[in-house]
Amino acid sequence: MIKQILNRLPRKPSKASDNSVGGPIPPSSSSSSSRSGDLQGSRITSLNSQTPPGSNPGLNHLNKYSPTINSRLNGSYVPVYEALPSFKDVQHSERQNLFIRKLDLCCDVFDFTDPTKNLKEKDIKRQTLLELVDYVTSASGKFPENVMEETTKMVSLNLFRNLTIPPREHMVLEKIDAEEEEPVMDPAWNHLQIVYEFFLRFVASPETDAKLAKRYIDHSFVLRLLDLFDSEDPREREYLKTILHRIYGKFMVHRPFIRKAINNIFYRFIFETEKHNGIAELLEILGSIISGFALPLKEEHKLFLVRALIPLHKPRCIAMYHQQLSYCVTQFIEKDCKLADTVIRGLLKYWPITNSTKEVMFLGELEEVLEATQPADFQRCMVPLFHKISRCLNSSHFQVAERALFLWNNDHIENLIKQNSKVILPIIFPALERNSKRHWNQAVQSLTLNIRKIFSDHDPDLVAECLKKFEEDEAKNKEIISKREDTWKRLEAVAASNAAKKG
C-alpha cells in the first residue's frame, strides 16, 4: 500500500536528463565573464542569454577570449549598449581603465547589410571609436602591455573577417579596363574607417613601444592584415597600405617576414590565380622599401627583382598595377645600373604578341629603364632589344608604332643610339624605310621621316650604305617571290595536264 502511494508522487528529475545534449539549460550567473563586473552600469547583457547546448561554462575560461567575446564571434550574443562616460568626465588616473573598457565595448561587431538594425548601438560604438582615436592621438606616457593586448584584440575582431569577393572567374580579361569598373564598397565602412584610423595612430604613436607591441602585432597578425589587401574596397586598401608601411618602419624585426609574405602573394598571383585586388598597393609599399635599400644590394633583393617583379609583367591584368611596378623596377636600376641588362631581357621575355595595349605600356616602361641605363649595360642587350623595337615600328597598330618612335624624343636614349648607330641602324633601317613608304597612318610616316633625318644628319654614309643594302635585299626578295610564283604556275600546269589525261 505504501509503495503504491509513493509511486504516485512526482519523481525528481535526474542529473542526466538536465545535462542531456540539446536539452534546455537555465540561465546561470556563472556563465558571465569575470570582466562583466568592470562593465556594470555601462553595458547590460541579455538576461535570456544561454550557454550553448553541450558546452561547459567553466571551460570557456580556457579559450583565447572570454565567453562574452566568444559568443560575439558565433553570433549568439546580442548586446544592448549604454554609452560609457567621456574621458574628460573622469579623473586622469581612471582614464586608462576607461580606455580599456571602451576598447572592450567596441569589440562587438554589427551587421551592416541591414541599415535599420541596431541603430542605437551602432551610433554608440561609432562615437566610442572616435573617442578612442582622440585618446591615442593625445596620449602622453607609454602604453602598457594590457592596453596593447586589448587594442590588437579589438582591431582583430573588427577588421579580420571573410571578405565578400564577387565571382572573378570571368573577370580576368575585363580587368585590363580596371579603371572603368565600379569598385565594391563595404557597407560597414563608416565603422571600419574609424577602426583603421585608430590603429594607424596607435602604430604611429611615439607612446607605442615596438619591443612590447611586437608580442601582439606578430607574424600571425601581419599575415591576416595582408589577407585584407584583397578587399574590393579601394578605401580599405589605402588604409592597409599606410598601416603596413608604418609597421614595416617601426618593427624592424618583422621586415624580412613582411617582404617574404608579400613575395608569396605575388607568386600565387603570377603562377596560380592572376586574381588579386591589392597588387598595386603592395607594389607602392615595396617602391618605398626599395628606395631605402642599402648599397651594395643584397643577393636577396636582386632575387626578388628576378623572381617576382619581372614575372609580374606576365599577367593579362597588368594595367591594374603597371605604374607601380614600373616604379619599383626603375628604383632597382637607379640603385644598381648593372641590373638594366637583366631587366631589359626580362621585358623581352614577357613582351606581348597580340595585346597592343600591353605593348604600349611595355614601351613606356622601356623608356624609363633606358633613361637610367649606362652605355656599357646598353651595349650588352641592344641587339635583341632593337630587333624587338624594329617589329614595333612596323606594327599595324598606330599607337604601338608611334610609341616606339617616341623613344627618339628622349635625349639620353637618342645619344645611346647614336653612339651605337653602326650596330642599331642596320637592324631598324628596313622598318623605317617600309614605314616611310607604306604605313597607313600619316603621323607614323611623319615621325619615321624625322628619325631617318636624325640618322642622315649624324652619319649620312651609314644611311646610304643601309639604303643600298635594303634595296638589294628588296630586289632579292622580289626575285624569290617571282621564282616562287613561277614554280606554283608550273605545278598548276602539270596538275591541269594530268587531270586532262585522266579525263
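**Close-up views of a predicted model**

**View 1. Surroundings of His254.** Apart from neighbours within four places in sequence, His254 is in contact (heavy atoms within 4.5 Å) with Lys214, Ile217, Asp218, His219 and Val222. This is a predicted model, in which local features need pLDDT of at least 70 and side-chain atom pairs count only at pLDDT 80 or more, while totals for chains, interfaces and linings use all residues. Residues are numbered from 1 along each chain as its sequence is written, and side-chain values use heavy atoms, with hydrogens and water left out. His254 is found in the loop between α10 (234–250) and α11 (255–273); helices are DSSP runs of H or I with at least four residues, numbered from the N terminus. With a relative accessible area of 5%, His254 is buried (under 20% relative accessible area, with a 1.4 Å probe and protein chains only). Its side chain reaches the backbone oxygen of Ile217 at 2.7 Å.

**View 2. The buried side of helix α9.** Helix α9 spans residues 219–227, and its buried residues are Phe221, Val222, Leu225 and Leu226. They lie on the same side of α9, because they cover an arc of only 135° around the axis; the arc is that of the directions from the helix axis to the C-beta atoms. An α-helix has 3.6 residues a turn, so residues three or four places apart point the same way. The cover over the buried residues of α9 includes α6 (145–159), α7 (189–204), α10, α11 and α12 (279–291).

**View 3. Two aromatic pairs.** The whole structure holds 19 aromatic pairs (rings of Phe, Tyr and Trp, the last by its six-membered ring, with centres within 6.5 Å; planes under 30 degrees apart are stacked, over 60 edge-to-face and the rest tilted). Trp189 and Tyr196 form a tilted pair, 6.1 Å centre to centre with 40° between the planes. Both Trp189 and Tyr196 are buried. Trp351 and Phe362 form an edge-to-face pair, at 5.5 Å and 80°. Trp351 lies in the loop between α15 (340–349) and α16 (356–371) and Phe362 in helix α16, so this pair ties together parts eleven residues apart in sequence. Trp351 is buried at 7% relative accessibility, and Phe362 is buried at 0%.

**View 4. An aromatic cluster and charges over rings.** One aromatic cluster is formed by Phe87, Phe99, Tyr135, Phe143, Phe160, Phe198, Phe199, Phe202 and Phe221. The charged end of Lys102 sits over the ring of Phe87, 5.3 Å from its centre (NZ of Lys or CZ of Arg within 6 Å of the ring centre and within 35 degrees of the ring normal). Lys122 lies over the face of Phe112, 4.5 Å from the ring centre.

Conventions:
Helices (H or I, at least four residues) and strands (E, at least two) are DSSP runs, numbered from the N terminus. Buried means under 20% relative accessible area, exposed over 50%, partly exposed in between (1.4 Å probe, protein chains only). A polar contact is a pair of N or O atoms within 3.5 Å; within protein, one must be able to donate a hydrogen and the other to accept it, and residues adjacent in sequence count only if both atoms are side-chain atoms.
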